[in-house]
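The sequence and the model are shown first.

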Amino acid sequence: MSVTEPIVQIVDDDPSFLAAASRLLRASGFAVKTFSSASNFLAHRDTDSPGCVVADLQMPGMNGLDLQSALTRSRNPLPILFLTGHGDIPSSVRAMRGGAVDFLEKRAPKEKLLDAVRRALARDAREREDRARQRELRARFDALSQRELEVLSHVVQGRLNKQIASDLGIHERTVKLHRTAITTKLGVSSVAELTRLTLEAGIFEASATTCPKGQ
């Protein structure tokens, strides 16, 4: 299987279920890896590999909900869906509130499982793209100097060069030079575009930025 191929990671302490589920998913064209426990999965997981997790809810040691929490805290969390033989309403509510793709009984029709896996993989692709976009944006903003960030914080509030110069105690010409450096490094050409990019990157509090009219 290729490095970029999404992998369905099945985590369950029941060997017979692991075998049956992996056969079904492989027969449906998915790449699959199986793990007998949540701790084993976390210990051997490739954090950069795309895919999703199909996990049993009740397992010895770390259960499915604990695994979900651990994935949420990771650098590249994978979408998770639960299969259980004895689910309960509080657990299903907690799982869904935690962002689970689905919560199915193990005896659910196979098409429901396949559909849930497809949705999980689609979500992973979207979220992975969003994270890559955020990392790219942050790298661009990281190229700004501290003074350029200070100027930027005033620019996105719609302040004029003269006001910025007064606030920072620098010459207006210096403000203009900083603004040119900022737009060059960030690859934007207008204040409106600069403001949208800054908000998208989460550089400053959203409440502190406004998009000036006509700019």
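The chain holds 9 helices and 5 strands, where helices (H or I, at least four residues) and strands (E, at least two) are DSSP runs numbered from the N terminus. Their order along the sequence is β-α-β-α-β-α-β-α-β-α-α-α-α-α. This is a predicted model, in which local features need pLDDT of at least 70 and side-chain atom pairs count only at pLDDT 80 or more, while totals for chains, interfaces and linings use all residues. Residues are numbered from 1 along each chain as its sequence is written, and side-chain values use heavy atoms, with hydrogens and water left out.

**Dimensions and surface**

The radius of gyration of the chain is 24 Å, whereas a compact globule of 215 residues would have one near 17 Å; the radius is taken over C-alpha atoms, and the globule rule is 2.2 Å times the number of residues to the power 0.38. Along the principal axes, the C-alpha atoms fill a box of roughly 75 × 40 × 30 Å. Of the 215 residues, 41% are buried (buried is under 20% relative accessible area, exposed over 50%, partly exposed in between; 1.4 Å probe, protein chains only). Among contacts (heavy atoms within 4.5 Å) between residues at least 6 apart in sequence, 62% join residues at least 24 apart.

**Charged pairs**

Side chains of opposite charge can pair when their charged atoms come close. The whole structure contains 13 salt bridges, each defined as a side-chain nitrogen of Lys or Arg within 4 Å of a carboxyl oxygen of Asp or Glu. The table lists some of them.

| Salt bridge | N to O distance |
|---|---|
| Arg107 and Glu105 | 3.0 Å |
| Asp124 and Arg128 | 3.3 Å |
| Asp167 and Arg159 | 2.8 Å |

Asp124 and Arg128 are both buried. These two residues lie in helix H5 (residues 110–142), 4 residues apart, about one turn of the helix. In the remaining pair of the table, Asp167 is partly exposed with 42% relative accessibility, and Arg159 is partly exposed with 29%. Elsewhere, salt bridges that share partners link Arg133, Glu136, Arg140 and Glu200 into one network.
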